[in-house]
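Hello,

Here is the structure I promised to pass on. Please have a look at it first, and then read my notes below.

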Amino acid sequence: MYWEPDKECLDREELEQLQIERLQSTLNRVYAHVPFYRKKFDAMGISPEDIESVSDLSRLPFTTKEDVRGNYPYELFAVPLREVVRIHASSGTTGTSTVVGYTRNDIKTWSNLAARVLTAGGVTKDDVVQISFGYGLYTGGFGLHYGAERVGASVIPASSGNTARQIKIMRDFKTTALLCTPSYAMLVANTIREMGIPVSALSLKYGLFGAEPWSERMRQEIQDALGIVATDNYGLSEVLGPGVSGECLERKGLHISEDHFLVEVIDPETLRPVPAGQKGELVITTLTKEAFPMIRYRTRDLTRLLVEPCPCGRTGRRMSRVVGRTDDMLIIRGVNVFPSQIESLLFEIEGTEPPCQIVVDRKGAMDEVTVLLEAAEAAFFDQERRQAGMVDTIRKRLVHELGITVDVKLVKKDTLERFEGKPKRVIDNRKL
Ligand code: DLL
C-alpha cells in the first residue's frame, strides 16, 4: 500500500525538522556552487544561515522558467557535469527548452518518488505496466519507467504513438496498468471501442495519468470505458519530472512528497501565500536534488493545498488537481480567458473530448477565437446535421461561459499537431 511507509507517514513535527535540515543543506549547496543563486542571495542581503525555519523561506527569491532558460544549458547545475549521469529537457512547446540534470543519487531518489506514486495508484510487483509516455528528452517515459522497475513490476516501455500497436501489446502482453496522458487514455479507450475489442479481452486494472490537465468527468469516462481505477499524478521537469505528487486510491487530491519538496501556494499577483485551502500558484523548493536544485520555483500551476488528513494514512499534504496556469492567460477583446477554462468547459459538454486547439487571430482591431476540436470519426463522416447541432451547442456554451464570441470547428481525428503527446493548445496569430 505504501512504498516507503516510514517516510510517507512521518508525523508533521519530524517532517518539518527534516525539511529544515534539508533546506539548509540545499541552500548551502546552491550558494557555494551556483553563481546565479549566490548573486541573487547577495543582492538581497541573505545568506543561507539566515534561514532558520521553514517560515523563513519567504525571504528567499523566486526562480522562474525565464531564469532557467536564461541559464541554458548548464548554468544552474550545482555539480560538475562529471557527476551528472542523465540529462533531460522540458517538453515546452514554445521558446528554448529548459535543460535539467540528475546525479546517480538523483536518479535513485527519482525512482523512489516515482515508485511512491505508482504504489499509491495501485501498482505492485505483480503488475504488467505499459508506459505510453514518450521516452527521450521528455521526463515522462524514463522517470516512470525507473519507478515501475523499482516497484518490481514487469515494465513495457511502449513509448507514445501507434495506438493500434499499443492496444495489441496491451491485449497480448496482458497489461494491467497503463501510464500515459489522460487524453491519450481517452484515445486508447475510443480506439478499443472502434476496433470492437471488449474490455473483458484486456487485463487492465489501473490507469495512472498525468502531464496535462483533466477533469472528474474525464476520469469517469476513462474508468468506465476501460474498466479501471484512474489516478492523477503531477510533476514538472524543472523540479524532478513525474513523481512530485500523485493520488492514492482514495482519489481525493495528490499526495506531495514533502520530505523532498517544500511547497507554497501564493497569490500570483501579490506573491504572498494564500490561506490553506485557497487556490493559488504552486511554488516548489527541492530539498534533496543534487544536480539541479530549485529554490522557490514558480510552477505557474494553479492548485489548492489540502490539509485534512487522508484515510490512506499518508501524512503528506495533498494538492488538488491542477486547475489552470497563471501564465497562458489570453486577453480576448479585453476579456481574460484561460485556455484551461475552455478545456474544462469542453470536458463538461457531452460528446466532446480533448484535445482541442485554440486559435486566436486579429481581424482589423477585433480578436477572433476559433476552437478546433477533433471529432470522433463517426461525427465527422456521417450525421452532418447532428454534427452541426453539436458545434452549435458547444459554441453557445463557450460564448455563455466565457463572455466572448468564439467560433467552433471540427477537424479530423488526430490532425491537431502534437508535441510529446500533447497538442499545442494555443496558436496566437495576433501581432500585438
Ligand atoms: O509533463 C512531467 C510528467 C510526466 C508529469 C508524466 C506526470 C506524468 P513537463 O513537460 O515539464 O513535465 O510539464 C510540466 O505539465 O507544470 C503542469 O502544467 C503540467 N502537468 C503535469 N502534470 C499534470 C497533472 C511533465 N497531473 C507541466 N495535471 C506542469 C495537470 C499537469 N497538469
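The axes of helix α8 (residues 182-194) and helix α9 (residues 216-226) come within 10 Å and cross at roughly 35°. Axes here are lines fitted to C-alpha atoms, for helices over the stretch in contact, with angles from 0 to 180 degrees between N-to-C directions. Helices (H or I, at least four residues) and strands (E, at least two) are DSSP runs, numbered from the N terminus.

Before going further, please note that this is a predicted model: local features need pLDDT of at least 70 and side-chain atom pairs count only at pLDDT 80 or more, while totals for chains, interfaces and linings use all residues. Residues are numbered from 1 along each chain as its sequence is written, and side-chain values use heavy atoms, leaving out hydrogens and water.

Back to the pair: α8 passes α9 in a left-handed crossing (the near helix is turned anticlockwise from the far one by less than a right angle). On the α8 side, P182, S183, A185, M186, A189, I192 and R193 meet M218, E221, I222, A225 and L226 of α9, where contact means heavy atoms within 4.5 Å.

Which way do the residues of β3 point? From this strand (residues 128-131), V128 and Q130 point one way and V129 and I131 the other, and all are buried (under 20% relative accessible area; exposed is over 50% and partly exposed in between, with a 1.4 Å probe and protein chains only). In a regular strand the side chains alternate between the two faces of the sheet.

β3 runs parallel to strand β4 (residues 154-156), joined by three bridges; strands pair if DSSP finds at least two bridges between them. V128 stands opposite S154 in β4. With strand β5 (residues 177-180), β3 also pairs in the parallel sense over three bridges, and I131 stands opposite L179 there.

**Some backbone details**

Most residues other than glycine have a negative phi, and most peptide bonds are trans.

- The peptide bond from Y72 to P73 is cis, with omega near -10°; P73 is in the loop between α4 (65-70) and β1 (84-89).
- K174, in the loop between α7 (163-172) and β5, has a positive phi near 55°.
- R251 has a positive phi near 55° and lies in the loop between β8 (241-247) and β9 (254-256). R251 counts as partly exposed because its relative accessibility is 29%.
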